[in-house]
Amino acid sequence: MPVRRGPFGPAPVAYTINVKALRRWSAERLSLERRDGLIHARFRYEGTTCTNMGRALVFDYGVVMGPRELGYPHPRNSSAFAPTAPGDTGHTCMCKYAEAMPEIAREKPARRTSLSDVLSFVRPQIAPGCYCEATSRQHKWAWVLETIHYALSQERRNRHDHP
């Protein structure tokens, strides 16, 4: 398991996701914006349905956090993601579309006391690829939150390495 220095002190941070993937996802799929003393993170997930010949689907996750000095607390959370990205129609081809979409709208798995809690985020080791099952959605949430954690820790590390 990879070990990296985290943003919360000298203790090493062990990610469950390969660091190479975290690096790529933080560069290609994540945007961080600071405004009003908060950090607004957006993560774009691009995947496929598990039926109907694997139709492409896109979800935009959004998480709002407080400042690093407070451990990146989650003062508010916009259900943490929009049900689908603008223009996405692939979600309508999910095998359990009618059941899953209301569940997705109610889920708030990112609601934690702080971002450091992501490292203890419990999720299944193996999950289906699409969004029909709650276990699959929990697994994807872990990807999103670990990517945000990794990006913020690298940002802080780079500031200390390059004054």
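1. The model is a predicted one, in which local features need pLDDT of at least 70 and side-chain atom pairs count only at pLDDT 80 or more, whereas totals for chains, interfaces and linings use all residues. Residues are numbered from 1 along each chain as its sequence is written, and side-chain values use heavy atoms, with hydrogens and water left out.

2. On confidence, the protein averages a pLDDT (the predictor's confidence in each residue, from 0 to 100) of 76, and 75% of the residues score at least 70.

3. The secondary structure comes to 3 helices and 6 strands, and from the N terminus on the order of elements is β-β-α-β-β-β-β-α-α. Helices (H or I, at least four residues) and strands (E, at least two) are DSSP runs, numbered from the N terminus. Of the 163 residues, 47% count as buried, where buried means under 20% relative accessible area, exposed over 50%, and partly exposed in between (1.4 Å probe, protein chains only). Of the contacts with a separation of 6 or more, 57% come from residues 24 or more positions apart.

4. Helix α1 (residues 19–28) buries V19, A21, L22, W25 and S26. These residues lie on the same side of α1 because they cover an arc of only 155 degrees around the axis, the arc being that of the directions from the helix axis to the C-beta atoms. K20, A27 and E28, on the other side of α1, are exposed. The N-terminal end of α1 is capped by N18, which has a side-chain oxygen 2.6 Å from the backbone nitrogen of K20.

5. In helix α2 (residues 97–106), the buried residues are A100, M101 and I104. They line one face of the helix, since they fall within an arc of 100 degrees when seen down the axis of α2. The face turned away from this buried side carries the exposed residues A98, E99 and R106.

6. Strands β3 (residues 30–35) and β4 (residues 38–48) pair in the antiparallel sense over 6 bridges, with pairing taken to require that DSSP finds at least two bridges between two strands. R35 has L38 in β4 as its bridge partner, and in this hairpin, with 2 residues between the strands, D36 takes a positive phi near 55 degrees. Strand β4 is also joined to β5 (residues 56–65) by 10 bridges, and these two strands run antiparallel; here Y45 stands opposite F59 in β5.

7. T16 sits in the loop between β2 (12–14) and α1 and is partly exposed, with a relative accessible area of 48%. The side chain of T16 makes a polar contact with the side chain of E146 at 2.6 Å, a polar contact being a pair of N or O atoms within 3.5 Å; within protein, one must be able to donate a hydrogen and the other to accept it, and residues adjacent in sequence count only if both atoms are side-chain atoms. T16 and L119 are 103 residues apart in sequence but 8.1 Å apart in space, C-alpha to C-alpha.

Conventions. Contact = heavy atoms within 4.5 Å.
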